[in-house]
Amino acid sequence: MIFLKTEDEIELLRASNLLVGKTLAEVAKVIRPGVTTKELDKVAEEFIRDHGAIPTFKGFANPYGGPFPASICTSVNEQVVHGIPSDVVLKDGDIVSVDCGTYLNGFCGDSAYTFCVGDVCEEVRNLLKVTKNALYIGIENAVQGKRLGDIGYAIQQHCEAHSYGVVREFVGHGIGKEMHEDPQVPNYGKRGTGALLKKGLCIAIEPMITLGDRHVVMGKDGWTVSTKDKKCAAHFEHTVAVTSSRADILSSFKFIEDVLGDQAI
């Protein structure tokens, strides 16, 4: 069932999502060669809890991998999504997608950003740029009167025009009092198809785009999703509210980009 949000509920969603953006900015401050993804998780969890919120990812149930053991997902290089923070050390030239969720005042926040670690090659940086642009192209289509297929079509066309793969098995989602609500929001599709977008619909749009083939495999941990061909993947996510004119982006990359400066993608 799809739940449309009131203006007051959207503002509560905004507060939770802005906290996600600020949390990702704290993580951005410590991303560098030599840092472990477990260290990134510690920074994120402390920041979230210090601001009166709960990390929604921690303990999230999965019948294949058990409860998620961390507060953020850290997906490195060929890992697409749901990577578990660990003692693995980030190296110069790596990329790491950090996906973060918060629960504040009864509503959820959800956003993701793929970071460069040190000096990343131009081929991979271009993947990140195109994926981030695709996110905003998808958001442009999140307006009342359009359909879910319009969002997916726009993202797919932009990424495939650059010969990148568009992951099919994992998609965006509705968001509100629960982290995952209806509807599903694919990053592929046909224009004019899918559920009608109405004012008050809040969704997380999250392109997951691969440098090579689009096919993915599930890790033995039941969580980590990686590209089958071991080529890099990028992941960017915003939570947005549908309005009658243009999408209202409830999360923010501004805090991250303030930290990264001219190193931002």
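These legends accompany several close-up views of a predicted model.

Local features were considered where pLDDT is at least 70 and side-chain atom pairs at pLDDT 80 or more, while totals for chains, interfaces and linings use all residues of this predicted model. Residues are numbered from 1 along each chain as its sequence is written, and side-chain values use heavy atoms, with hydrogens and water left out.

**View 1. Helices α1 and α2 pack against each other.** Here you can follow helix α1 (residues 7–30) and helix α2 (residues 37–50), which meet at an angle of about 145 degrees with their axes 9 Å apart. Helices (H or I, at least four residues) and strands (E, at least two) are DSSP runs, numbered from the N terminus. Axes are lines fitted to C-alpha atoms, for helices over the stretch in contact, and angles run from 0 to 180 degrees between N-to-C directions. The crossing of α1 and α2 is right-handed; a crossing gets this name if the near helix is turned clockwise from the far one by less than a right angle, and is left-handed if anticlockwise. On the α1 side, the contact uses L19, K22, T23, E26, V27 and V30, and α2 brings L40, V43, A44, F47 and I48. Contact means heavy atoms within 4.5 Å. These residues divide into 8 nonpolar, 1 polar and 2 charged. In this count Ala, Val, Leu, Ile, Met, Phe, Trp, Tyr, Cys and Pro are nonpolar, Asp, Glu, Lys and Arg are charged, and the others, Gly among them, are polar.

**View 2. Helix α4 is mostly covered.** Of the 13 residues in α4, 10 are buried, where buried means under 20% relative accessible area, exposed over 50%, and partly exposed in between (1.4 Å probe, protein chains only). Look for L148, G149, D150, I151, G152, A154, I155, Q156, H158 and C159 as the buried ones. Their cover includes α3 (122–140), β6 (165–166), β8 (181–185), β9 (202–205) and β10 (208–210). How far apart are the end C-alpha atoms of α4 (residues 148–160)? They lie 18 Å apart, which agrees with the 18 Å that 13 residues should span at 1.5 Å a residue, because the expected span is 1.5 Å times one less than the number of residues.

**View 3. I151 sits in the largest nonpolar core.** This core has 57 residues, and I31, I151 and I205 are those with the most contacts inside it. At least two residues each come from α1, α2, β2 (72–76), β4 (95–104), β5 (107–116), α3, α4 and β9. The largest share, 7 residues, belongs to α3. A nonpolar core is a set of buried Ala, Val, Leu, Ile, Met, Phe, Trp, Tyr and Cys residues joined through side-chain atoms within 4.5 Å. Not counting residues up to four places away in sequence, I151 touches G138, N141, A142, V185, L197, I203 and I205.

**View 4. C108 is a buried residue of β5.** Its relative accessible area is 2%. Neighbours within four places aside, C108 is in contact with a set of residues including L13, S16, N17, T56, I175, G176 and K177. C108 and K177 are 69 residues apart in sequence, yet 5.9 Å apart in space, C-alpha to C-alpha.

**View 5. I72 is buried in strand β2.** The relative accessible area of I72 is 0%. Leaving aside neighbours within four places in sequence, I72 is in contact with L40, D41, A44, F57, G83, P85, V98, D99 and C100.

View 6. Most residues other than glycine have a negative phi, and most peptide bonds are trans. The peptide bond from D182 to P183 is cis, with omega near 5 degrees, and P183 lies in strand β8. H82, which is not a glycine, has a positive phi of about 65 degrees. You will find H82 in the loop between β3 (79–81) and β4. Is K230 buried or exposed? K230 counts as exposed, at 55% relative accessibility, whereas H82 is partly exposed at 23%. K230 also has a positive phi, of about 70 degrees, without being a glycine, and its place is the loop between β12 (225–227) and β13 (233–235).
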